[in-house]
Amino acid sequence: MSRDRIREQTTRNYNKLLGVEIKGIGSYLPEKVLKNSDLEKMMDTSDEWITSRTGIKARHVASDEQATSDLGAEAALNAINDAGLIPEDIDLIILATATPDHFISASASIIQHKIKAGECACYDIAAGCSGFVYGIVIGAQYVQNGKFDNVLVIGSETLSRFLNWDDRNSAVLFGDGAGAVVLSKSSDPKRGFLNFCITSNPDGGEHLTLPAGGSACFTSAETVNSKKHTVHMNGKEVFKFATTWGTNVAAALVEGSLEGINDGISYFIPHQANERINLSICKRLNLDSNKMLSNIATTGNTSSASIPLVMDQEIKKGTFKKGDSLLAVGFGAGLTAAGFIYRF
Ligand code: UT7
């Protein structure tokens with residue numbers, strides 16, 4: 001991989017989005033919880049295997065009536081309320097998702113309708129589990145350059161709809177949920193996004209796909225029978241990608257912004273795919289793993305929703321103090337990787 005390209009970005013991007021802050025944050029998890037003990041009754045697996053290999057104990061699952069836009073709308077309203085705004089104040093809605101309601105139209109537009117936002121710009125982005133970080137980087141630039149005052153960035157997923165429940169390799173890993181932030185100009189110019197990086201590996205995309213239903217492999221009886229409309233993952237290859245690219249993005253962000261990792265970084269929120277991946281990234285970075293914040297045990301892998309879900313839970317707990325620096329890193333289908341450092 002080209003580490004130089006990532007370093008170039010973090011050198012160029014340093015300080016560029018400082019002054020754009022998270023004005024409000026919210027999340028939503030569906031009521032239904034599926035524990036590892038429930039999965040033991042559905043397939044040949046065990047709580048011991050899932051816990052020791054991934055750190056996951058349970059995940060939330062959307063009800064039959066809930067689509068990705070419903071979860072996203074709940075999180076969005078919570079974030080708008082937290083920001084002290086109303087839906088009409090939103091100028092742009094960016095939804096990061098791998099599991100949209102439909103191909104046509106964008107689920108961001110469906111959320112716009114559901115939350116009763118006014119006329120505003122709406123679009124979806126597909127950057128896998130890095131999608132929320134990509135959305136932040138895109139949305140924050142509109143705020144920074146003065147084009148929009150309030151940008152809503154949402155990560156929302158109903159992965160349970162797209163799993164092959166006969167495939168224990170993937171079905172035990174994922175969960176449903178949504179997280180959202182409102183980005184606005186801060187009155188404190190020292191607060192906000194200190195640095196950011198978005199990238200994608202030109203190779204390896206075939207290791208994490210949903211093969212059928214698109215223009216390359218249109219839906220047919222055969223694709224349904226062979227479950228090509230569900231998530232297919234080569235776990236070992238994605239694991240290798242996640243640990244190397246996750247580490248390299250994080251290291252470049254720190255090198256491009258701060259004096260040292262343990263002095264400079266107060267907290268680390270990696271994408272919640274596997275606790276072992278995240279501990280490996282900490283080790284490779286020489287980052288104290290006590291600084292890592294995680295909710296994988298109770299949510300599983302919620303793809304683009306995982307980082308804002310952890311952020312919201314920790315903000316509500318009062319974890320972050322003024323001046324703290326949060327490092328967030330995502331990695332996933334594409335294969336994409338992305339990160340930011342946010343100063344509270
Ligand atoms: O969000 C996008 C990014 N996604 C990720 O980052 C996921 C990355 N990959 C991973 O987290 C890990 O590779 C997995 C958790 C998916 C798998 O862990 P692993 O340690 O790589 O396991 P493995 O695939 O090497 O499987 C080891 C054994 C196999 O049995 P054999 O062939 O050694 O007899 C599997 O069949 O574990 C078996 N196995 C299971 N056993 C019980 C696989 N899944 C299960 C299961 N329950 N659910």
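Helix α9 supplies the largest share of the shell around the ligand, four residues. Helices (H or I, at least four residues) and strands (E, at least two) are DSSP runs numbered from the N terminus. The model is predicted: local features need pLDDT of at least 70, side-chain atom pairs count only at pLDDT 80 or more, and totals for chains, interfaces and linings use all residues. Residues are numbered from 1 along each chain as its sequence is written, and side-chain values use heavy atoms, with hydrogens and water left out.

The shell around the ligand holds 22 residues, of which Thr45, Arg53, Lys236, Asn274 and Asn301 come nearest. A residue counts as near if one of its heavy atoms lies within 4 Å of the molecule. Polar contacts (pairs of N or O atoms within 3.5 Å) are also found. An oxygen atom of the ligand lies 2.6 Å from a polar side-chain atom of Asn301. A polar side-chain atom of Arg53 is 2.9 Å from an oxygen atom of the ligand. At Arg168, a polar backbone atom is 3.0 Å from a nitrogen atom of the ligand. The ligand taken alone exposes 960 Å², and the protein buries 76% of that. Areas come from the Shrake-Rupley method with a 1.4 Å probe. Two or more shell residues come from each of α3 (47–54), α7 (168–171), α9 and α11.

The chain is assigned domain 1 (3–17 + 191–343) and domain 2 (19–185). These bounds come from an automatic or database domain assignment. Taken over C-alpha atoms, the domain centres are 15 Å apart. Their contact takes 50 residues from domain 1 and 53 residues from domain 2. Contact means heavy atoms within 4.5 Å.

The largest nonpolar core has 44 residues. Such a core is a set of buried Ala, Val, Leu, Ile, Met, Phe, Trp, Tyr and Cys residues joined through side-chain atoms within 4.5 Å. Buried means under 20% relative accessible area (1.4 Å probe, protein chains only). Ile265, Phe268, Leu287, Leu327, Phe331 and Ile341 have the most contacts inside this core. At least two core residues come from each of β9 (192–200), α9 (235–255), α11 (275–285), β13 (325–332) and β14 (336–343). Helix α9 gives the most, with nine residues. Both domain 1 and domain 2 give residues to this core, so it lies between them.

Beyond its neighbours within four places in sequence, Ile341 is in contact with residues including Phe193, Leu253, Ile265 and Leu327. A second, separate core of 34 residues includes Phe132, Val153, Leu326 and Ala338.

Methods. Buried < 20%, exposed > 50% of the residue type's maximum accessible area, 1.4 Å probe, protein only. Polar contact = N/O pair within 3.5 Å; in protein donor to acceptor, adjacent residues only side chain to side chain.
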